[in-house]
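Reader: Could you walk me through this structure? I would like to go through it topic by topic.

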Amino acid sequence: MPLLTVTRRITFSAAHRVHNPALSDAENTRLFGKCNHPNWHGHNYVLEVSVSGEPDSATGYVIDLGLVKRIVESEFVQRVDHKNLNLDVPFLSGTNPTCENIILACWRVLEPALRPSRLSRLRLWETENNYVEYEGR
Ligand code: NI
């Protein structure tokens, strides 16, 4: 049977400050630039959630992308949308909310929630030009 990958795109907006409290203010400014602004700033994130598998013989679907949308919204998006990622999101607590750390937390939430389907890739766009990808390895 062929192995296929289907992807659902979902957007959310959130505030953050990229900051490492172990470093000096000057070092934080040098490393993180505008994303270190002390009074927060926001991004319109785009999350792409990919599930891989063989198409079901009855439906022809790898997974119903409407189901993917509902799971991603209830398990992840509702917990981050219009929130402050530094202050409001328990599964990001204590982490520096870079795109990399957000996507790792997202994987930990979504991978079990999508079972028995297989989450194969997440892609998180922080700006139109920058994204991070993770395939669970
Ligand atoms: Ni930022």
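Author: Let me begin with a term: helices and strands here are DSSP runs, numbered from the N terminus, and a helix has at least four residues. Please also keep in mind that this is a predicted model.

Reader: Fine. Where do Glu 73 and Lys 69 lie, then?

Author: Both Glu 73 and Lys 69 belong to helix 2, which covers residues 65–80, and they are four residues apart, about one turn of the helix. Their side chains meet in a salt bridge, with 3.7 Å from N to O.

Reader: And are those two buried or exposed, or something in between?

Author: Glu 73 counts as partly exposed, at 31% relative accessibility, and Lys 69 is likewise partly exposed, with a relative accessible area of 29%.

Reader: How many salt bridges are there by this rule?

Author: The count comes to six salt bridges. One of them joins Arg 123 to Glu 133, where the closest N and O atoms are 2.5 Å apart. Arg 123 lies in strand 4 (residues 118–125) and Glu 133 in strand 5 (residues 131–134), so this pair ties together parts that are ten residues apart in sequence.

Reader: What network are Arg 123 and Glu 133 linked in?

Author: Glu 48 is linked with Arg 123 and Glu 133 in a network of salt bridges. As for accessibility, Arg 123 is buried, with a relative accessible area of 19%, whereas Glu 133 is partly exposed, at 36%.

Reader: Why does 19% make Arg 123 buried?

Author: Buried means under 20% relative accessible area, so Arg 123, with its 19%, falls in that class.

Reader: What about Arg 137, which side chain does it meet in a salt bridge?

Author: The side chain of Arg 137 meets that of Glu 135, at 2.7 Å from N to O. Arg 137 is exposed, with a relative accessible area of 79%, while Glu 135 counts as partly exposed at 35% relative accessibility.

Reader: Switching to the metal. Which residues coordinate the nickel ion?

Author: The nickel ion is coordinated by His 16, His 41 and His 43, each through NE2, and by Cys 35 through SG, at 2.0 to 2.1 Å. Along the sequence, these donor residues follow the spacing H-x18-C-x5-H-x1-H.

Reader: What is the arrangement of the donor atoms, and why?

Author: The arrangement is tetrahedral, because the four donor atoms around the nickel ion subtend angles of 91 to 127°. For four donors, the tetrahedral class requires all angles to lie between 85 and 135 degrees.

Reader: And Cys 35, buried or exposed?

Author: Cys 35 is buried, with a relative accessible area of 18%.

Reader: While we are on cysteines, how many disulfides are found?

Author: A search of the whole structure finds zero disulfides. For Cys 106, the closest cysteine sulfur is in Cys 99, at 10 Å, which is too far for a bond. Cys 106 itself counts as buried, at 1% relative accessibility.

Reader: Now the aromatics. How many aromatic pairs does the count come to?

Author: The count comes to five aromatic pairs. In one of them, the rings of Phe 12 and Tyr 45 have their centres 4.9 Å apart and their planes at 15°, so the pair is stacked. Phe 12 lies in strand 1 (residues 4–16) and Tyr 45 in strand 2 (residues 41–53), so the pair ties together parts that are 33 residues apart in sequence.

Reader: Are Phe 12 and Tyr 45 buried or exposed?

Author: Phe 12 is buried, with a relative accessible area of 2%, and Tyr 45 counts as buried too, at 0% relative accessibility. Together with Phe 76 and Phe 91, Phe 12 and Tyr 45 form one aromatic cluster.

Reader: What kind of aromatic pair do Trp 125 and Tyr 131 form?

Author: Trp 125 and Tyr 131 form a tilted pair, with 4.4 Å centre to centre and 50° between the planes. Trp 125 is partly exposed, with a relative accessible area of 21%, and Tyr 131 counts as partly exposed at 38%.

Reader: Which charged end sits over the ring of Tyr 131?

Author: That is the charged end of Arg 123, which sits over the ring of Tyr 131 at 4.6 Å from its centre.

Key: Residues are numbered from 1 along each chain as its sequence is written. This is a predicted model: local features need pLDDT of at least 70, side-chain atom pairs count only at pLDDT 80 or more; totals for chains, interfaces and linings use all residues. Side-chain values use heavy atoms; hydrogens and water are left out. Donors are N, O and S atoms within 2.8 Å of the metal (3.2 Å for Na, K and Ca); water is not among the atoms, so sites may look incomplete. Four donors count as tetrahedral if all angles lie between 85 and 135 degrees; four count as square planar and six as octahedral if opposite donors are over 155 degrees apart and all others between 65 and 115; anything else is irregular. Buried means under 20% relative accessible area, exposed over 50%, partly exposed in between (1.4 Å probe, protein chains only). Rings of Phe, Tyr and Trp (its six-membered ring) pair if their centres lie within 6.5 Å; planes under 30 degrees apart count as stacked, over 60 as edge-to-face and the rest as tilted. Helices (H or I, at least four residues) and strands (E, at least two) are DSSP runs, numbered from the N terminus. A charge sits over a ring if NZ of Lys or CZ of Arg is within 6 Å of the ring centre and within 35 degrees of the ring normal. A salt bridge is a side-chain nitrogen of Lys or Arg within 4 Å of a carboxyl oxygen of Asp or Glu. A disulfide is a pair of cysteine sulfur atoms within 2.5 Å.
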